[in-house]
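Here are my notes on the model, as promised. Have it open while you read, and go through the points in order.

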Amino acid sequence: MEPTQSALLILAAAVFIVYRQMKTRPTARNGIVYVSAALIVLGIFTGGLIDGDHLALSLALGAMEAVAAVVFGAIRAATVRVWMDEAGVTWSKATPLTVLAWLASLASRVGLYFAGAALGLPVTTSGLLFFIGLTIGTQALLVARRGRALSATTVRADNFVE
């Protein structure tokens, strides 16, 4: 598959994930974490993430991408609404701020992509796979953590004896 086709397929998957985040969903779900891990592994093992001819530069850009992915994942996680229903199930739903954070996240990735290309690094889809996997995984783990914290707080409050 050509890089342009791969990039469009990855972008379509990201749009689908954002669409799913706009729906009300339980916070306790592991599927997205597995998808994220698969994207990260594919990004690493498909090659092209690190350029041997420009080792220091590609490592620095890769580190910047990883930091940006984690930071934007955390920002988006903070914008997601998390609550508990009467049955004790925690739920989440993205907000309009989450969508804005997604746009900022993708803009940062595009900027890093063009910066790498301008500096002479090869253009591959492995960096995009790595970035999206890491940012989605970060967001999913932090939203799930918020749901667990909400459950734990409620359980402690219910078991409190004076």
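1. A word on terms before anything else: helices (H or I, at least four residues) and strands (E, at least two) are DSSP runs, numbered from the N terminus. With that in hand, Ile 10 sits in helix H1, which covers residues 3-21.

2. Some housekeeping. This is a predicted model, where local features need pLDDT of at least 70 and side-chain atom pairs count only at pLDDT 80 or more, while totals for chains, interfaces and linings use all residues. Residues are numbered from 1 along each chain as its sequence is written, and side-chain values use heavy atoms, with hydrogens and water left out.

3. Back to Ile 10: buried or exposed? Ile 10 counts as buried, at 11% relative accessibility; the cut-offs are under 20% relative accessible area for buried and over 50% for exposed, with partly exposed in between (1.4 Å probe, protein chains only). Leaving aside residues up to four places away in sequence, Ile 10 touches Thr 125, Leu 128, Leu 129 and Ile 132, a contact being heavy atoms within 4.5 Å. Its C-alpha atom is separated by 9.5 Å from that of Leu 39, 29 residues apart along the chain.

4. Ile 10 also turns up in the largest nonpolar core, which has 19 residues. Such a core is a set of buried Ala, Val, Leu, Ile, Met, Phe, Trp, Tyr and Cys residues joined through side-chain atoms within 4.5 Å. Those with the most contacts inside it are Ile 10, Ala 68, Phe 131, Ile 132 and Ile 136. H1, H3, H4 and H5 each supply at least two residues of this core, and the largest share, 7 residues, comes from H5. In soluble globular proteins, nonpolar side chains tend to be buried together.

5. Now H5 itself, residues 126-159, where you'll find Ser 126. Ser 126 is buried, at a relative accessible area of 1%. Which residues does Ser 126 touch, not counting those up to four places away in sequence? They are Gly 43, Thr 46, Gly 47, Gly 48 and Leu 49.

6. Last, charges. A salt bridge here is a side-chain nitrogen of Lys or Arg within 4 Å of a carboxyl oxygen of Asp or Glu, and by this rule the count comes to 1. Arg 109 pairs with Glu 65, their closest N and O atoms being 3.2 Å apart. The pair links distant parts of the chain, 44 residues apart: Arg 109 is in helix H4 (residues 96-118) and Glu 65 in helix H3 (residues 55-79). Arg 109 is buried at 5% relative accessible area, and Glu 65 is buried at 8% relative accessibility.
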